[in-house]
Every structure is written in structure tokens, then in C-alpha cells.
Amino acid sequence: MPRVSTFMLSVLLAFANLVSAQEPTLPVPESIRAEGLPAIPQSIASALNRYQNIRSASFQGWDEGAARSMYITTRFADTMQVHHVASPGGARRQLTFSPERVLGVSPRPKRGQFLFTMDEGGAENYQYFLLGREGGVPVRLTDGKSRHESVKWSPSGEVLAWSGNARNGKDMDLYLASPADSAFKRMLKEVSGQWNVADWSPDGKAVVAEEYISINESYLHVVDVATGAVRTITPKPLAGEPKVAVSGARWSKDGKSIFYATDRGAEFRRLAIYDLATGVESILSAVIPWDVEEFDLSDDGKYLLAVMNEDGFSVLHLFGGADGRTIGRVVHPPGQIGGLEFRPGSHDVGFTLATSQTSSDAFSTNVDDGGAMPARWTESETGGLDASTFVSPELIRFPTFDGKAIPAFVYKPSKPSTGPRPVLIQIHGGPESQFRPGFLGRTNYLINELGIVVIAPNVRGSDGYGKSYLQLDNGFLREDSVKDIGALLDWIAAQPDLDKTRVAVAGGSYGGFMSLAVQTTYNDRIKCGIDVVGISNFVTFLENTQGYRRDLRRAEYGDERDPKMREFLERVSPLNHAGHIKTPIMVVQGANDPRVPLSESEQLVAAVKKNGVPVWYVVGKNEGHGFAKKPNQDFQQAVEVLFLKTYLLGQGSRAS
């Protein structure tokens with residue numbers, strides 16, 4: 001083989017560099033404001049294409065027509081829209097065609113219509129629209145500007161009840177309206193704080209409403225539809241007694257009782273039944289030491305089916321619908337279940353199920369069928385990828401500073417590695433939330449293609465592990481959850497197959513605060529960090545979040561109007577320690593975010609830029625609390641992948 005001269009070699013290298021320099025780059029969408037980003041190679045977008053075309057579907061309710069059919073939401077274009085499915089595995093017929101996402105569907109009893117919920121630009125001022133199963137032009141039933149939530153149809157389908165903040169932008173009052181009479185709309189109950197409609201009585205004469213103070217404190221009230229008179233059925237505890245949380249209230253089919261979940265006298269939310277005549281509360285699921293997440297009752301009152309959160313996994317338990325006796329478990333694949341609903345007049349139950357290897361899809365099961373596996377109504381596309389290659393997590397518990405064991409789900413690539421692997425710590429939001437081992441979707445790219453180990457911890461303050469664990473980060477205990485991540489870094493350092501010198505941290509919302517707190521507290525132990533719609537300063541956050549949320553957040557974080565608490569919140573806020581961030585950071589924010597406003601990211605970015613470190617900033621001009629529109633999601637992911645490849649993997653900005 002002839003030798004290449006030094007001159008020719010230099011020419012070839014120059015040509016290679018020219019070709020590299022001319023590599024096509026990904027244009028920044030008009031809906032995105034980007035600062036500090038390098039050019040994003042088109043090759044990254046090409047590599048991500050299949051992962052970005054993974055779809056999902058969610059069961060939204062049964063159509064009460066003559067045929068057995070359901071409504072779902074799924075995405076074929078840029079946002080989730082309503083579709084109708086006539087049978088398991090049947091075609092998905094699209095019914096709504098809005099550029100904005102559809103967030104929920106409520107089928108109208110006995111009418112062949114459905115209500116759907118939508119906001120604009122992610123601002124979360126939810127509006128209700130009515131449409132028939134055959135399609136057409138939706139009719140908006142709400143004012144177009146206020147926030148509306150927890151809508152419920154009366155048993156006859158003639159009247160709607162919901163909560164909304166039209167009166168003052170803050171308090172969520174209860175309202176009644178009739179789609180048949182646009183002039184009929186009245187306030188059922190003026191309230192102070194957050195009230196939500198839970199269910200109608202079978203005779204349509206009353207609703208049961210939940211007054212939500214915090215995840216640790218809530219109350220149930222029966223409200224007379226004709227008079228607005230209120231009967232409280234779960235009263236406030238006496239002085240010195242612990243607070244009680246209740247949720248998911250459903251009326252019994254005979255109208256004599258109300259079922260709900262409560263943590264009264266226990267660590268976990270247990271299924272209970274309240275006798276309206278005697279005022280006696282009875283616990284039905286005392287033998288199951290886990291939270292009841294949701295449940296539904298069959299029309300004939302024979303069955304009650306409940307979803308239990310058992311160490312992060314959903315498990316279906318069947319009870320008697322009249323007496324609450326335990327019948328047994330219902331068979332289903334391991335994963336996450338939501339949206340449980342009996343089909344009217346039957347023992348069919350529809351729900352959404354997601355597993356590590358299957359995207360969220362609509363399923364149904366008949367509780368009379370014993371051990372039969374659920375029927376799959378939709379089979380969402382996975383972009384041509386073999387979903388069986390997506391890894392399942394290992395549940396571990398690592399020790400933390402005060403001796404507690406912190407649960408975490410660890411996703412390790414299945415492909416062999418020549419050395420210790422890089423790690424991404426992904427922290428959930430809430431903070432009263434919980435990472436659950438469902439379907440990772442696009443995140444599978446980091447594991448399968450980049451060889452990154454993803455660790456999702458449930459630090460103290462996470463839901464699902466009892467109310468004592470839930471309260472371990474409240475108020476002045478805020479820093480303890482950050483210390484849990486310090487303990488996780490210790491655990492990573494002790495694992496021979498993990499590279500303690502290549503660790504990144506990421507999180508969204510409260511997880512964004514946690515990511516920033518880790519970057520300011522343990523900056524010498526990480527390579528880079530990603531903050532998505534995160535809180536940078538608790539005081540400015542509490543002062544600027546939407547009014548209807550402010551008191552809810554004060555119950556968790558503390559009241560910034562109290563001088564001692566304000567001083568503490570300032571001390572633990574990452575913004576006031578931004579000078580400690582000496583590693584690259586990526587910040588993502590929605591311009592219309594009503595929860596964590598744009599100002600939280602703006603002030604953080606301005607502060608970190610003074611450190612002279614790389615700051616990549618991505619703002620969705622038409623987005624709210626996270627990106628919902630596919631073009632924005634695609635761009636965000638391409639930026640995140642380049643960021644991690646550059647600063648975590650050390651592959652340089654041109655690697656793909």
C-alpha cells in the first residue's frame with residue numbers, strides 16, 4: 001500500500017474538516033428561544049428519530065352507545081387528541097383536531113357526546129368543550145379565561161358540576177351548568193381555597209366534594225345541589241391530633257354510603273366506606289400495607305376494583321361493592337395503571353397500562369373472567385424499535401445520612417461495557433410525587449444507545465411510602481432531601497460498574513430545584529446538570545406562582561411571609577448559591593408556565609452566566625410547565641443529548 005505524503009495527509013485532513021464543518025445542523029424552531037447553544041448536528045436528530053416517534057394512548061372513558069367502544073387520547077401529529085375505538089385492536093378514529101393538547105375526556109351519559117378539556121399554550125387555564133362521537137365543531141362551555149377542573153356529569157347527563165376560579169382567580173368555587181341551556185350556570189358553593197367535585201349521588205340531588213389543603217390534609221363534604229347546604233363527613237381533627245388525608249370519593253350505588261381512601265389512623269391511604277345514616281367509617285383494605293390510588297364501582301354495585309401502589313408498581317385488587325369484602329387480585333402485566341372505569345351496565349373495566357417494554361395503551365378486563373389477561377385495545381407504535389430491548393429497572397435501597405433506606409430504580413444498559421458506566425440521576429417533581437417503573441419512552445435512547453445508567457431515586461418527601469416518609473422534607477427539613485442525593489453519590493462511588501467521575505443530575509419542576517441544589521451543594525462530584533422548569537428561589541417562586549396555587553405550595557414549602565421561614569427559604573434556594581455552579585448547566589423553561597414562572601429560570605441563568613461556565617438555555621414560547629408539543633419536545637431532546645454527550649460522555653459537540 002503506497003505511503004501518503006505529509007502534504008497529501010494535510011490536504012485530506014483539511015477536506016475532512018471542511019466536510020465536518022459543513023455537516024447539516026438542526027434549525028431552531030420558531031417556537032423556541034435558544035441561548036448559549038452550539039449548532040445541533042442533524043445527525044443527532046436523525047439518530048433520535050425513531051425514539052421521538054414512539055407513541056402512547058390513554059383510556060379516557062367508555063362510549064355508552066349500543067356497541068362496546070371507548071374514547072382514548074393519542075398523538076398522530078403534534079399533540080394528544082381524542083380518538084374513538086370500536087373494539088380491541090380496532091382503528092383509532094380521530095375526533096378532535098386542535099393544535100393544543102387535549103388533557104382529559106368525560107363521556108356524557110346516555111347522549112353519544114363527550115366533554116374534553118384543553119388549555120392554550122400550556123397556561124393551564126383549562127376549558128371544557130362538548131362534541132359528539134361523530135365529530136363536528138366543538139362547543140366551548142366555559143368562559144375561555146378562568147381555570148376549570150374536576151368536571152363531573154350528573155347521572156342523567158343533564159347537568160355538569162365543576163370547580164373554577166372565575167370569581168377572584170384564586171379560590172376554586174363549585175359551579176353547576178347545563179349544556180342544553182346556555183343561560184343556566186350558577187355557583188353552587190362559594191369556597192375559600194381548593195375544592196374539587198368528586199362524584200354525584202345516584203339520585204342527582206347532591207355532590208361529594210374534596211377540600212384539598214395539602215397532600216397530608218383534605219376533607220370531604222356533601223353539598224346539596226338545590227340549596228348549597230354542606231354536610232362535612234370527614235371533620236378536622238381535634239387539637240393535637242394528626243392531620244388526615246382523604247381522596248377519590250365515590251358514592252355507593254344505593255346512595256347510602258360513600259367510599260374513599262384515607263390515611264386516618266394509618267401510614268397508608270386505605271379504602272374506607274362511610275355510612276351516611278350512622279356516620280360510621282369502616283376500613284376495608286387494612287390488610288394491604290400500601291396506598292389506594294384510585295378505584296371504581298360497577299353499575300350493579302357488585303364489585304369495587306381498586307389500584308394499589310405496591311412499592312411503585314400498580315396492583316389491581318377486587319372487593320365487594322356492597323360490603324367491601326376482599327375478593328382477590330386481578331391479573332395484569334406488571335407496570336403502571338390509571339384511569340380505571342367500569343363500562344356502564346357491565347363488569348368490563350377500562351384502564352391505561354404502561355410497562356417497561358410497552359408504551360401506555362388502553363386495555364380492558366372483565367372481573368368475572370378470573371385469571372384472564374386484559375384485552376389490549378390500542379398498540380402504540382414504538383418508532384420501529386424493538387421494545388423488548390428496553391430494559392426493566394432494578395429496585396434498590398441505599399442508606400442515607402440518618403440511617404433511612406431510600407428507594408431508587410436503576411436502569412442499566414443490557415449491552416456489555418468495557419469499563420464503569422456513566423450515570424444520570426433523574427429526580428422526579430412534586431415534591432409529593434413518586435418515580436414509578438412504567439414506560440421510559442425517549443429516555444431509552446440514553447440507556448440503549450449512549451450506555452448511560454439512569455437512576456431514579458424517590459428521596460424523602462416522595463409519595464407511596466407512607467405519610468411519615470411524605471413529610472420528612474416539609475418546611476425546615478428541605479435540605480434533608482438534598483442530602484439523600486449526597487448519599488446516592490456515595491452509593492454510586494461504591495459500585496464497581498458505575499463511574500463516579502462521570503455523573504450528571506437532571507430533574508423537572510421540584511426535581512429542577514433538586515437538580516440545582518445538587519449542582520450548588522455537590523458540584524465537585526458531578527460533571528453537569530439539567531434543570532427543567534425548576535424552582536431557583538423559593539421566595540420569588542411563592543410570590544409569583546399563580547394565586548390558586550400559592551397556599552397549596554406554602555403548605556409544603558413553608559410560608560415566605562413568616563420572617564424565620566423566609567430567611568430559611570432564602571438560605572436553601574439555589575439562586576443564592578449560584579456561584580458554586582462551576583460545571584456546565586442546561587436550563588429548560590416554558591414561557592407560559594403558571595406553576596414555576598419564567599422568572600425563576602431567567603434569574604438563575606443570569607446568575608450562572610457570571611461564573612463563566614457553559615449555560616445552555618431553551619425557552620418554549622408556546623409552552624407551560626414542561627414541553628407538550630412534539631416539535632418543541634424533539635428539539636429539547638436533541639439539545640439534551642448533545643449536552644450529555646459533550647459534558648458527561650466527553651465525546652465533543654460533533655459526536656452523534
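The model is predicted: local features need pLDDT of at least 70 and side-chain atom pairs count only at pLDDT 80 or more, while totals for chains, interfaces and linings use all residues. Residues are numbered from 1 along each chain as its sequence is written, and side-chain values use heavy atoms, with hydrogens and water left out.

T79 is located in the loop between β3 (69-74) and β4 (81-85); helices (H or I, at least four residues) and strands (E, at least two) are DSSP runs, numbered from the N terminus. A polar atom of the T79 side chain also lies 3.3 Å from the backbone oxygen of S98. With neighbours within four places in sequence left aside, T79 is in contact (heavy atoms within 4.5 Å) with T74, S98, P99, E100, R101 and K629. The relative accessibility of T79 is 5%, and the residue therefore counts as buried; buried means under 20% relative accessible area, exposed over 50%, and partly exposed in between, with a 1.4 Å probe and protein chains only.

Strand β15 (residues 206-214) is mostly covered, with 7 of its 9 residues buried. Strand β14 (residues 194-200) runs antiparallel to β15 and is joined to it by 6 bridges; two strands pair if DSSP finds at least two bridges between them. In this pairing N196 stands opposite E210 of β15. The two strands form a hairpin with 5 residues between them, and G204 in the turn has a positive phi of about 75°. On to strand β16 (residues 217-224), β15 is joined by 8 bridges, again in the antiparallel sense. V207 stands opposite V223 in β16, and the hairpin of β15 and β16 has 2 residues between the strands.

Strands of a sheet pair through backbone hydrogen bonds, either parallel or antiparallel. An open sheet of 4 strands has the order β18-β19-β20-β21, with antiparallel pairing. Its edge strands, each pairing on one side only, are β18 (246-251) and β21 (281-283). On average, neighbouring strands of this sheet are turned by 25° against each other, direction ignored; the axes are lines fitted to C-alpha atoms, for helices over the stretch in contact, and angles run from 0 to 180 degrees between N-to-C directions. Strand β20 (residues 270-275) is joined to β21 by 3 bridges, and the bridge partner of Y274 in β21 is E281.

In strand β22 (residues 291-297), 5 of the 7 residues are buried, so the strand is largely enclosed by the rest of the structure. β22 pairs with strand β23 (residues 303-310) over 6 bridges in the antiparallel sense, and L297 stands opposite L304 in β23. These strands form a hairpin with 5 residues between them, in whose turn G301 has a positive phi of about 75°.

The structure holds 24 aromatic pairs. Rings of Phe, Tyr and Trp (its six-membered ring) pair if their centres lie within 6.5 Å; planes under 30 degrees apart count as stacked, over 60 as edge-to-face and the rest as tilted. The ring centres of F409 and F435 are 5.8 Å apart and the planes stand at 50°, so this pair is tilted. F409 belongs to strand β31 (residues 405-411) and F435 to the loop between β32 (421-427) and α3 (444-448), 26 residues apart. Both F409 and F435 are buried. F435 also forms an edge-to-face pair with Y411, at 6.1 Å centre to centre and 85° between the planes. Because Y411 lies in β31 and F435 in the loop between β32 and α3, the pair ties together parts that are 24 residues apart in sequence. The relative accessible area is 1% for Y411, which is buried, and 16% for F435.

One aromatic cluster is formed by Y510, F513, F538, F541 and Y557. Charges over rings are also present: R343 lies over the face of W62, at 5.8 Å from the ring centre, and K483 lies over the face of F401, at 5.0 Å from the ring centre. A charge sits over a ring if NZ of Lys or CZ of Arg is within 6 Å of the ring centre and within 35 degrees of the ring normal.

Definitions and conventions. Polar contact = N/O pair within 3.5 Å; in protein donor to acceptor, adjacent residues only side chain to side chain.
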